[in-house]
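The following briefing concerns a predicted model. It is arranged by topic and should be read alongside the sequence and coordinates.

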Amino acid sequence: MQHMNTTASDTAARPNADDAEIAKFQALAARWWDPNSEFQPLHRINPLRLEWIDRLAGGLAGKTAIDVGCGGGILAEAMARKGATVTGIDLADKPLKVAELHGLESGVAVRYEKVAAEAIAEREPGAYDVVTCMEMLEHVPDPASTVAACARLAKPGGRVFVSTLNRNPKSFLFAIVGAEYVLNLLPRGTHEYAKFIRPSELISAARRAGLEQDTMIGMTYNPLTREYRLVEGDVSVNYLVAFSRPA
């Protein structure tokens with residue numbers, strides 16, 4: 001995939017962001033915390049990915065964490081509830097405002113900032129025990145640049161957690177046709193198939209950024225039971241990868 005071959009320096013001058021993608025999430029911002037809205041899938045998968053991150057990070061309590069592309073703060077708040085000191089960053093104003101307001105209502109403290117991953121990585125290199133970038137890489141023009149920024153944000157010995165969508169005929173069928181058109185789990189146009197990322201592409205971008213792969217797991221959805229599950233061995237549609245920055 002041509003997106004995955006750019007160096008971080010290529011995007012230093014301009015934010016690694018797609019205005020149309022930002023506008024898409026701006027329009028939906030008010031519904032972010034409604035568990036029956038377009039964001040229902042995020043609410044449903046959040047406990048799964050939170051427990052996975054918490055377990056592999058050796059417990060989030062007392063750790064510093066940054067959620068890259070935090071949107072309305074669903075994962076950021078959940079990590080803070082686990083005892084982490086959390087920063088959430090995004091380039092869309094409205095979801096960040098929603099995240100801040102929800103934090104005031106819930107009493108869960110998270111530092112939110114409108115800033116690109118590349119920019120905060122320049123400013124706060126090696127500052128975080130845990131870096132998360134979930135369901136975001138398939139929405140940026142240059143995923144490799146985001147991966148490199150996540151690697152720079154991690155402390156030596158820190159962990160980087162990424163989730164995205166595989167690119168193959170099955171993922172087109174399940175993630176776009178099924179989720180957006182048949183089951184209406186997501187608004188139509190949420191995903192663009194050409195931006196999906198094969199695990200091999202993600203892993204080679206991470207390796208170039210100095211990260212080592214620890215483990216990879218798939219996520220499946222059963223439309224009959226409406227249940228999401230993390231499954232070993234099936235990374236054909238949604239998948240999550242844990243990386244380490246060598247100490």
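At 28% relative accessibility, Lys155 counts as partly exposed, the class between buried (under 20% relative accessible area) and exposed (over 50%), computed with a 1.4 Å probe on protein chains only. Lys155 forms a salt bridge with Asp129, with the closest N and O atoms 3.2 Å apart; a salt bridge is a side-chain nitrogen of Lys or Arg within 4 Å of a carboxyl oxygen of Asp or Glu. Because Lys155 lies in strand S5 and Asp129 in strand S4, the pair ties together parts that are 26 residues apart in sequence. Helices (H or I, at least four residues) and strands (E, at least two) are DSSP runs, numbered from the N terminus.

Residues are numbered from 1 along each chain as its sequence is written, and side-chain values use heavy atoms, with hydrogens and water left out. In this predicted model, local features need pLDDT of at least 70 and side-chain atom pairs count only at pLDDT 80 or more, whereas totals for chains, interfaces and linings use all residues.

**Further salt bridges**

- The structure holds 18 salt bridges.
- Glu135 and Arg49 are joined by one of them, at 2.4 Å from N to O. This pair links distant parts of the chain, 86 residues apart: Glu135 is in the loop between S4 and H6, and Arg49 is in helix H2.
- Arg49 counts as buried at 5% relative accessibility, whereas Glu135 counts as partly exposed at 21%.
- Glu201 forms a salt bridge with Arg167, the closest N and O atoms being 2.9 Å apart. Glu201 lies in helix H8 and Arg167 in the loop between S5 and helix H7 (169-182), so the pair ties together parts that are 34 residues apart in sequence.
- Both partners are buried, Glu201 at 8% relative accessibility and Arg167 at 12%.
- A polar atom of the Glu201 side chain also lies 2.9 Å from the backbone nitrogen of Arg198.
- A network of salt bridges links Arg111, Glu113, Arg123 and Glu124.

**The sheet**

- Eight strands form an open sheet in the order S3-S2-S1-S4-S5-S8-S6-S7, with mixed pairing; two strands pair if DSSP finds at least two bridges between them.
- Strand S3 (111-114) and S7 each have a single partner strand and stand at the edges, so one side of each is left without a neighbour in the sheet.
- S5 and S8 pair in the antiparallel sense over seven bridges, and Phe161 has Ala242 in S8 as its bridge partner.
- S6 (residues 212-222) and S7 (residues 227-231) pair in the antiparallel sense over five bridges. They form a hairpin with four residues between them, and Arg226 in the turn has a positive phi of about 55°.

**Cores and helix H6**

- The largest nonpolar core has 36 residues, and those with the most contacts inside it are Trp52, Ile53, Val86 and Phe161. A nonpolar core is a set of buried Ala, Val, Leu, Ile, Met, Phe, Trp, Tyr and Cys residues joined through side-chain atoms within 4.5 Å.
- A second, separate core of 29 residues includes Val68, Val131, Met136 and Val162.
- Helix H6 (residues 143-153) is largely enclosed by the rest of the structure, because ten of its eleven residues are buried.
- The buried residues of H6 pack against strand S1 (64-68), helix H5 (117-123), S4, strand S5 (154-165) and H8, where contact means heavy atoms within 4.5 Å.

Definitions and conventions:
Polar contact = N/O pair within 3.5 Å; in protein donor to acceptor, adjacent residues only side chain to side chain.
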